[in-house]
Amino acid sequence: GWSYIGATGISAAQAGAAMALVIARTEPNYAIYGYSTSLIDLGITKKDTLESATKKTANKNFGGTDCAQPMIYAGKNGLIVDSFISITDSETWAGGTQPIQALNQYRKARSKQDVSLIVMGMTATNFTIADPKDPYNLDVVGFDANVPALIADFIRGESAGIIEDTEVESEVE
């Protein structure tokens, strides 16, 4: 089962379904899967309600969390992906390939180095699968109303100025 987010009474599955629904409603091209050691088409679309999207994630026994699965699947099936977004209850790796290795293999096969990886941990634990030195990787921890806009900006490359401004301010202090 998925864990709960603090004392909110909201499960990570419910929050993940809500984020998936936001993505489906704001992005023109998307595919939403659940995964463990393989992918499961959740069937979440922009026509879903929060209740129906949540039902599509409920009672799924996903098992081990292999965050490399989306990149492996896209590579094996010839999918053209600009950004992978992984929404997890903060479990990150239970497979034979590290997620960043799978991303780099996908990039190499597509000859496209700017494919991004965004990992959203629904509970605040010490986790990361993104490469902190890779400007196209982003870890997000927790559930906040500002996250959808942050993700949209990051995918479109509009957050680069924010990151550069923050780094400059940190150096000045």
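Which side chain meets that of Lys112 in a salt bridge at 3.5 Å, N to O? Select Asp114, whose side chain forms that bridge with Lys112, a salt bridge being a side-chain nitrogen of Lys or Arg within 4 Å of a carboxyl oxygen of Asp or Glu.

Before going further, note that this is a predicted model, in which local features need pLDDT of at least 70 and side-chain atom pairs count only at pLDDT 80 or more, while totals for chains, interfaces and linings use all residues. Residues are numbered from 1 along each chain as its sequence is written, and side-chain values use heavy atoms, with hydrogens and water left out.

Through shared partners, Asp82, Lys112 and Asp114 are joined into one network.

Next select Glu51 and Lys55, both exposed, which form a salt bridge whose closest N and O atoms are 3.4 Å apart. These two residues lie four apart in helix α2 (residues 50-57), a separation of about one helical turn.

**The largest nonpolar core**

Now select Met71, Phe84, Leu103, Tyr106 and Leu117, which have the most contacts inside the largest nonpolar core, a group of 16 residues (such a core is a set of buried Ala, Val, Leu, Ile, Met, Phe, Trp, Tyr and Cys residues joined through side-chain atoms within 4.5 Å). Helices α3 (69-76) and α4 (99-110) and strand β4 (116-121) each supply at least two residues of this core, and α4 gives the most, with four.

**Helix α5**

Finally, select α5 (residues 147-155), where Val147, Ile151, Ala152 and Phe154 are buried. These residues lie on the same side of α5, because they cover an arc of only 165 degrees around the axis, taken from the directions from the helix axis to the C-beta atoms. Following α5 is Gly157, with a positive phi near 80 degrees.

Note on methods: Buried < 20%, exposed > 50% of the residue type's maximum accessible area, 1.4 Å probe, protein only.
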